[in-house]
Amino acid sequence: MEKGQLLYEGKAKRLYATDEQDILWVEYKDSATAFNGEKKAEITGKGMLNNKITSLIFEKLQEAGIASHFVEQLSDHEQLVRQVTIIPVEVVVRNIVAGSMAKRLGLEEGTVLKQSIVEFYYKDDALGDPIITEDHIEMLELASTEEIKQLRTKALEVNEVLFGFFKEVGVDLVDFKIEFGRDNDGQILLADEISPDTCRLWDAKTKQKLDKDVFRRDLGNLTQAYELILAKLGGQHS
Ligand code: C5P
């Protein structure tokens with residue numbers, strides 16, 4: 001397969017066309033950003049780690065029957081995905097209180113939730129990705145009532161699989177953000193990435209943070225944390 005023209009460059013990835021219809025070539029970058037792009041750094045090896053971790057996670061999800069845009073990992077930095085139109089809604093699932101939920105509701109970080117919580121955010125950099133309700137999603141015509149139901153159900157399914165998957169390797173899945181897209185037939189597919197950039201992952205015993213909070217809060221060496229996650233998932237770091 002041939003890599004075609006650059007279609008889109010985001011904060012963490014570049015998307016290219018290919019010579020095959022509806023298949024895109026994704027290149028993971030070494031850039032780290034936080035706080036809506038206000039904090040930035042180049043971290044050698046981060047792109048490779050996120051590409052490998054995302055690929056492993058999408059493979060696990062596919063084995064569990066959860067369809068996604070993922071086709072295959074091509075190289076350390078690259079993967080092939082099915083082309084979808086991203087729904088501009090970030091879906092966050094939480095199992096343990098942390099981050100913006102702790103701040104917004106005045107709750108203590110680390111409180112285990114009796115029931116997993118689903119939140120929706122409007123994917124709009126200029127507005128700073130505000131939290132929105134299902135009514136807002138409908139009013140803004142971002143998704144239909146039926147699609148919103150699917151986003152919620154699919155997000156909870158992803159959580160169930162990933163929560164168990166991480167538990168087995170001694171990691172607490174605190175929370176995560178996922179995105180969905182529509183394919184040419186209008187089917188909703190899990191898309192984007194699932195990596196320590198988009199999840200909060202704590203060592204189950206020590207509660208050490210093994211995710212992007214290491215960068216956001218200057219807690220130490222980000223690549224070491226991500227390498228540990230890759231190793232726990234059974235991946236190889238070259
Ligand atoms: O900041 P907050 O607590 O709302 O983040 C919840 C989860 O969603 C975290 O795992 C965070 O890494 C992820 N997230 C993300 N991209 C965003 C916002 C949050 O991956 N734009």
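I'm working with a predicted model, where local features need pLDDT of at least 70, side-chain atom pairs count only at pLDDT 80 or more, and totals for chains, interfaces and linings use all residues. Residue numbers start from 1 along each chain as its sequence is written.

Confidence next. The protein chain has an average pLDDT (the predictor's confidence in each residue, from 0 to 100) of 97, and 99% of the residues score at least 70. I noted ipTM 0.99 and pTM 0.98 for the model.

Back to residues 6-229: I get 30% helix and 34% strand, with the end C-alpha atoms 30 Å apart. Helices (H or I, at least four residues) and strands (E, at least two) are DSSP runs, numbered from the N terminus.

Then the ligand. I find 14 residues around it, the closest being Gly99, Ser100, Lys177, Thr198 and Arg200; near means a C-beta atom, placed from the backbone, within 6 Å. At least two shell residues come from each of β9 (89-96), α2 (99-105), β12 (171-182) and β14 (199-203).

Last, a helix pair. The axes (lines fitted to C-alpha atoms, for helices over the stretch in contact, with angles from 0 to 180 degrees between N-to-C directions) of α1 (residues 46-63) and α4 (residues 145-168) come within 10 Å and cross at roughly 115 degrees. Ile57, Lys60 and Leu61 of α1 meet Val158, Val161, Leu162 and Phe165 of α4, contact being C-beta atoms, placed from the backbone, within 7 Å.

Methods
Two residues are in contact if their C-beta atoms, placed from the backbone, lie within 7 Å.
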